[in-house]
Amino acid sequence: MHDEHLPSASQQPASIDVHSVNYYYPGKVPLLAITNASFSVGPGEFVSIIGPSGCGKSTMLRLIADLLRPTSGQIAIGGQPPERLRRSRQIGFVFQDAALMPWRSSFGNVMLPLQVMRRAGKEGKAKADEMLRLVGLGDFRNKRPAELSGGMRQRVSIARALTYSPKVLLMDEPFGALDQITRDEMNQELLRIWETNRATLVFVTHSISEAVFLSDRVVVMSPRPGTIRQSITIGLSRPRLPAIKHEPGFFEYETQVLRALEGDA
Amino acid sequence: MAQVEESMERPANEPVATPEVAVSEAVPGRSWPSFRLAVSPGSQALRVILPLLAIGIFLLLWNYVPQWMGLHSYEVPTFSQDINALFSEWGTIGPNLEITITDALVGFAVGNLLAVIGAILFSQSRLIEWTFFPLAILMQTIPIIVIGPVFVIFFTVFGWGPYDPLPIIGLGSKPVLGVTILITFFPTLVNMTVGLRAIDPNLYDFMRLINASRWTILWRLRLPSSIPYLFSSFRITSTLCFVGAVVGEWMLANNTGIGGLINLFLLAINKQGLWASVLAVSVSSMAFFGIVLIAERVLVPWREER
């Protein structure tokens with residue numbers, strides 16, 4: 001199945017360095033959202049950011065994506081400012097609600113970035129189809145989002161983020177709105193896709209078990225103003241299968257993350 | 001019959017299927033979201049029968065009530081007399097209806113086009129919106145019956161003369177077009193301005209993420225997002241343009257179009273003819289409204305049932 005023709009989504013995974021970043025939400029009274037946050041993600045690493053609601057984890061992702069600019073501090077992706085990567089279209093992003101164009105088919109949605117990049121030719125179309133097959137939606141290429149389930153919409157969104165082979169992939173609670181069963185299934189799928197493509201992946205979640213199951217490392221944030229509390233390396237072997245959740249080691253990591261969240265680590 | 005009743009009850013008893021539910025068993029080949037299908041064939045039929053019934057009853061009342069109240073048919077002609085007049089006066093009504101339809105449709109097209117262009121400019125620059133939107137509102141608040149004569153004077157001063165049906169690309173008469181354009185412009189300007197701004201913020205962020213230009217965002221995100229809003233406006237302006245055309249023709253008093261004909265029939269105390277010509281415009285206007293609805297169904301299939 002994973003023969004040579006399978007496209008690699010990441011050209012070359014890049015590292016991410018976040019260095020003492022502060023961010024204020026703009027407004028009449030600026031609100032400190034993130035304070036003195038520093039962490040890094042290695043090339044091809046899968047890192048989850050976890051924290052209580054409103055701790056600024058989504059904001060952190062938007063800062064890395066250059067959708068927001070830090071008030072102070074530096075962010076570098078592969079040694080370059082995020083803006084340069086965004087401008088050269090090397091950042092992939094998956095939103096919590098799939099954020100698909102309702103008037104376009106799955107295929108049309110996956111083609112969108114390629115059209116914007118003027119790479120919508122034969123090669124682009126083949127690539128989009130390949131990505132749809134990679135996320136398991138080959139038979140649904142002509143369906144519009146309204147005809148797809150929540151899980152399927154997220155698959156389209158992931159395919160859309162991968163078509164243009166970004167160096168880093170950022171996911172903002174992509175499975176937060178799904179039911180538990182679909183969510184577990186999507187986690188499994190995500191690992192399968194990531195293991196064939198190995199982009200640097202930053203995954204925001206508020207589910208401890210999801211974070212432990214997916215990640216090489218879990219970055220734990222404090223309540224607002226968010227800062228990095230702890231970074232926990234998950235030493236579970238890959239490929240990870242659902243059964244891993246019943247192993248004692250899994251529980252230990254979950255407990256460790258929970259303690260860090262509670263602040264008595 | 002029992003079956004029909006059962007199927008009519010179904011939508012009420014069954015929880016409306018959410019898209020999530022719909023897709024876990026996603027039927028390939030099904031081209032509508034399932035909640036559309038939740039409307040059973042029985043209630044679809046009702047949606048045709050009930051309005052026809054209401055119109056039928058209204059026409060019957062029109063036909064008989066004025067007579068019961070002691071009014072003579074030359075004061076309020078019966079509906080059947082109006083229908084008869086429609087046929088007997090068709091030689092007069094037909095050509096004038098053609099003029100009115102042309103005035104209405106050209107006005108509709110030009111008014112909407114100008115409004116879409118205006119809304120696009122608004123969506124690209126807050127400064128332009130702040131500068132011109134109040135002016136657009138101001139123009140909207142001036143009654144059409146005041147604006148109409150202004151158009152007539154304007155066209156007269158520039159030597160085009162109000163009493164000749166003036167050709168604009170060989171169609172319609174210019175002062176009337178001024179009225180129809182003005183009357184269709186505003187609803188579309190407002191709807192499209194909202195529509196072009198009502199974009200999914202995450203989709204907008206995604207477009208920024210892939211470094212899409214302002215033009216690309218307009219073309220690939222804003223315009224498609226606004227099409228349902230455009231059709232909302234079409235529903236309004238598709239009938240308004242006929243009102244505008246008739247009022248414009250009536251004010252011009254150059255005896256052309258249905259508006260002109262209304263003047264003539266009034267002078268001739270031919271009330272059957274008057275109502276027959278009004279009927280002709282109403283039916284044309286309804287037909288155009290229907291075409292707009294069908295076009296919406298065909299062109300905006302992603303729009304959810306409201």
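# A tour of a predicted two-chain model

Select Ile77(A). Setting aside residues within four places in sequence, Ile77(A) contacts Ala14(A), Ile16(A), Pro82(A), Leu85(A) and Val168(A). This is a predicted model. Ile77(A) lies in strand 4 of chain A, residues 72–77. Is Ile77(A) buried or exposed? There are 25 other C-beta atoms within 10 Å of Ile77(A), so the residue is buried, the cut-off being 20 or more. Ile77(A) and Pro145(A) are 68 residues apart along the chain, and their C-alpha atoms are separated by 32 Å.

## The core around Val257(A)

Move to Val257(A). Its contacts, not counting residues up to four places away in sequence, are Ile50(A), Ile208(A), Ala211(A), Val212(A), Val218(A), Val220(A) and Ile232(A). Val257(A) belongs to the largest nonpolar core, which has 89 residues. Which residues have the most contacts inside this core? They are Ala159(A), Leu170(A), Val202(A) and Val257(A). Color helix 5 of chain A next. That helix gives the core its largest share, six residues. In soluble globular proteins, nonpolar side chains tend to be buried together.

## Helix 3 against helix 4 in chain A

Helix 3 of chain A passes helix 4 of chain A in a right-handed crossing. Display the side chains at the contact. Helix 3 of chain A supplies Ser106(A), Phe107(A), Val110(A), Met111(A) and Leu114(A). Helix 4 of chain A supplies Gly124(A), Lys127(A), Ala128(A), Met131(A) and Leu132(A). By class, the residues of this contact are seven nonpolar, two polar and one charged.

## Loops of chain A

Select Arg224(A) and Pro225(A). A cis peptide bond joins them, with omega about -5°. Pro225(A) sits in the loop between strand 8 (217–221) and strand 9 (228–233) of chain A.

Go on to Arg238(A) and Pro239(A). The peptide bond from Arg238(A) to Pro239(A) is also cis, and omega is near -10°. Pro239(A) falls in the loop between strand 9 and helix 8 (248–262) of chain A.

Now pick Ala99(A), in the loop between strand 5 and helix 3 of chain A. What is its phi? Phi of Ala99(A) is positive, about 55°, although the residue is not a glycine. Ala99(A) counts as buried, with 21 C-beta neighbours inside 10 Å.

## Where the chains meet

## Chain B

Chain B has 13 helices and zero strands. Buried residues account for 33% of its 306 residues. Among contacts in chain B with a separation of 6 or more, 74% join residues 24 or more positions apart.

Select helix 6 (residues 90–124) and helix 11 (residues 214–252) of chain B. Their axes come within 8 Å and cross at roughly 145°. The crossing of helix 6 of chain B past helix 11 of chain B is right-handed. On helix 6 of chain B, pick the contact residues, including Thr100(B), Asp103(B), Ala104(B), Gly107(B) and Phe108(B). On helix 11 of chain B, the contact residues include Leu218(B), Arg222(B), Cys241(B), Phe242(B) and Ala245(B). The contact of these two helices has eight nonpolar, nine polar and three charged residues.

Finish at Ile269(B). This residue is in the loop between helix 12 (257–267) and helix 13 (271–299) of chain B. Phi of Ile269(B) is positive, near 50°, and the residue is not a glycine. Is Ile269(B) buried or exposed? Ile269(B) has 9 other C-beta atoms within 10 Å, so the residue is exposed, the cut-off being 12 or fewer.

Methods: Residues numbered from 1 in each chain as written. Chains lettered and ligands numbered in written order. Predicted model: local features only at pLDDT ≥ 70, side-chain atom pairs only at ≥ 80, totals over all residues. Left-handed = near helix turned anticlockwise from the far one by under 90°. Helix = DSSP H or I, 4+ residues; strand = E, 2+ residues; numbered from the N terminus. Contact = placed C-beta atoms within 7 Å. Nonpolar A, V, L, I, M, F, W, Y, C, P; charged D, E, K, R; others polar. Axes fitted to C-alpha atoms, helices over the stretch in contact; angles between N-to-C directions. Core = buried A, V, L, I, M, F, W, Y, C linked by C-beta atoms within 7 Å.
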